[in-house]
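Work through the exercises below with the sequence and the model open. Each task is followed by a solution in steps.

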Amino acid sequence: MTLQQEIVGNAMQMAVVSLQPGQTVYCEAGKFLFKTSNVSMETRLSGPGGGGQQGQGGQQGQPGGMGGILRQAMGTAMQVGQRALAGESLAFQYFAATGGEGTVGFAGVLPGEMRALELNGNRAWFAEKDAFVAAESTVDFGIAWQGGRTGRSGGEGFILEKFTGRGTVIICGAGNFIDLNPADFGGRIEVDTGCIVAFEEGIEYGVQRIGGLNRQGMMNAVFGGEGLSLATLEGNGRVILQSLTIEGLANALKKAQGGDKQGPTGGLFSTNAG
């Protein structure tokens, strides 16, 4: 059953989901806006893809006895531990309609767009941290680690959210979205590491240094505002970028409040202190 949803608004969009009986949708804690009274809300530590399905009468844990309960507890603990290391919310909120159709609303935390992605079970989607808003219970949420070299070089690119399974997942970003396919640009694009929102499985994601350790390379890093690295996206598949970076928004707010800490250059010498 396809999830019925509508994304409304302009500068700060929200997703309004119509839940049919038997459908369940979950969101990251803090992304819920409103619901009708016939929609139940339950907070769980486990995601839909692991740690057992809590809140379903406990029947799944019974056949395995104590061993099944321990496996469920271990699975939940591993999920929570991964999300904690990634800086994600520790819990999810689950919503289900009873006695007819129900409505529930979700939103991101920054001014910008939202997008509903349809997963068919063949290709996973990857998204930057905090992009996840809500998804059907048939979509599994996980954490993907991009490897030490990429993480050390790119900073923002070390940890990604990963969505697998079938169904609808709703993501958000800052500013306006730009849809690209690297195959339309010679198979490779290079972008600011903070501009990536999401991309399909099959796209190779990496980080490269801007220029060499020479005069021009240092000019790029110090005065270009990008630091020392750019993200690279290669292959044939969908890529979603955002026009506003969180770092750019934070620096603009600090400057407006008279607390600009990035210095006159905005690049390598940016402190970005909170």
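**Exercise 1: a salt-bridge network**

R188 and E234 form a salt bridge, with their closest N and O atoms 3.2 Å apart. A salt bridge here is a side-chain nitrogen of Lys or Arg within 4 Å of a carboxyl oxygen of Asp or Glu. The model is predicted: local features need pLDDT of at least 70, side-chain atom pairs count only at pLDDT 80 or more, and totals for chains, interfaces and linings use all residues. Residues are numbered from 1 along each chain as its sequence is written, and side-chain values use heavy atoms, with hydrogens and water left out.

Task: Which parts does the pair of R188 and E234 tie together?

Solution. 
- Step 1. R188 lies in strand 14 and E234 in strand 17, so the pair ties together parts that are 46 residues apart in sequence. Strands (E, at least two residues) are DSSP runs, numbered from the N terminus.
- Step 2. R188 also forms a salt bridge with E190, the closest N and O atoms being 3.4 Å apart.
- Step 3. R188 is partly exposed at 31% relative accessible area, E190 is partly exposed at 41%, and E234 is partly exposed at 27%. Buried means under 20% relative accessible area, exposed over 50%, and partly exposed in between (1.4 Å probe, protein chains only).
- Step 4. Salt bridges that share partners join R188, E190 and E234 into one network.

**Exercise 2: aromatic pairs and a charge over a ring**

Task: How many aromatic pairs does a search of the whole structure find, and which residues are linked into a cluster by ring pairs?

Solution. 
- Step 1. The search finds twelve aromatic pairs. Rings of Phe, Tyr and Trp (its six-membered ring) pair if their centres lie within 6.5 Å; planes under 30 degrees apart count as stacked, over 60 as edge-to-face and the rest as tilted.
- Step 2. One of them is the edge-to-face pair of Y26 and F92, at 5.4 Å centre to centre and 85° between the planes. Y26 lies in strand 3 (residues 24-28) and F92 in strand 6 (residues 92-97), so this pair ties together parts that are 66 residues apart in sequence.
- Step 3. Y26 is buried, with a relative accessible area of 0%, and F92 is buried at 2%.
- Step 4. F92 and F132 form an edge-to-face pair, with 6.3 Å between centres and 85° between the planes.
- Step 5. Ring pairs link Y26, F92, Y94, F132, F141 and F163 into a cluster.
- Step 6. R44 lies over the face of Y94, at 3.8 Å from the ring centre. A charge sits over a ring if NZ of Lys or CZ of Arg is within 6 Å of the ring centre and within 35 degrees of the ring normal.

How values were computed
Helix = DSSP H or I, 4+ residues; strand = E, 2+ residues; numbered from the N terminus.
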